[in-house]
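Trainee: Please take me slowly through one part of this model, and show me how that part sits among its surroundings.

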Amino acid sequence: MKLNQVKTIGMLGGGVMGSGIAQVLAVGGYEVIVRDISDELVDATRDACFESRWGIKRAVEIGKLEFDVAVETMKRISFTTEVADFADVDFVIEAVPEKLELKQEVFAELDGIIKPEAIFTTNTSGFVIGEIAQDV
């Protein structure tokens, strides 16, 4: 798969980085599915995308984003707790907490679910990518 063919992006983890990355991608026109491990975390991510200091609502308030663009942006972001919802994504960004075993676990969990041509990436700040992919 080439980057210019990417239409749908799966975001693993909806914390500060995950929610911010999801917003930027949705503003850029991509369909984004954000997955987190509980309904409570999914709700917190949804709120962060819209209501946080750097959220879409604030971008409208300070004139960085037009209201109609903000509405369309939020329509492009969906939220889930189910890894199966990533079956048709073209690109995956992992942004779970910086724990090697957790990163390896979420990548292994996707193996066999995501289409073979999908691109896997990580938002790690402390691990060698080869370590994360070692047992996958």
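Mentor: A residue is called buried when its relative accessible area is under 20%, exposed when it is over 50% and partly exposed in between, with a 1.4 Å probe and protein chains only. Helices (H or I, at least four residues) and strands (E, at least two) are DSSP runs, numbered from the N terminus. This is a predicted model, in which local features need pLDDT of at least 70 and side-chain atom pairs count only at pLDDT 80 or more, while totals for chains, interfaces and linings use all residues. Residues are numbered from 1 along each chain as its sequence is written, and side-chain values use heavy atoms, with hydrogens and water left out.

Let us look at helix H5, which covers residues 100-110. Its buried residues are Leu100, Lys103, Gln104, Val106, Phe107 and Leu110. Taking the directions from the helix axis to the C-beta atoms, these residues cover an arc of only 165 degrees, so they lie on the same side of H5. On the face turned away from that buried side, H5 carries the exposed residues Glu101 and Glu105. Among the elements that cover the buried residues of H5 are E1, E4, E5 and helix H6 (129-133), where E1 spans 8-12 and E4 spans 91-94. Just after H5, Gly112 takes a positive phi of about 90 degrees.

A search of the whole structure finds one aromatic pair, where rings of Phe, Tyr and Trp (its six-membered ring) pair if their centres lie within 6.5 Å, and planes under 30 degrees apart count as stacked, over 60 as edge-to-face and the rest as tilted. The pair is made by Phe107 and Phe120, whose ring centres are 5.5 Å apart and whose planes stand at 35 degrees, so it is tilted. Because Phe107 lies in H5 and Phe120 in strand E5 (residues 119-122), the pair ties together parts that are 13 residues apart in sequence. Phe120, at 36% relative accessibility, counts as partly exposed.

The largest nonpolar core has 16 residues, of which Met11, Val32, Val34 and Ile93 touch the most other members. H1 gives the most to this core, with four residues. A second, separate core of eleven residues includes Leu110, together with Ile33, Val92 and Ile114.

About 410 Å³ of space lies in the largest pocket. Of the 25 residues that line this pocket, Gly13, Asp36, Ala95, Val96 and Pro97 are the closest to its centre. The elements that give two or more residues to the lining are H1, H2 and H5, and the largest share, five residues, comes from H5.

Notes
A nonpolar core is a set of buried Ala, Val, Leu, Ile, Met, Phe, Trp, Tyr and Cys residues joined through side-chain atoms within 4.5 Å. Contact means heavy atoms within 4.5 Å. On a 1 Å grid over the protein atoms alone, a cavity is a set of points where a 1.4 Å probe fits but cannot get out, and a pocket is an open set with protein on both sides within 12 Å along at least five of seven lines; lining residues have an atom within 4 Å of a point. Grid points are joined across faces, edges and corners, and a volume is the space filled by probe spheres set on the points.
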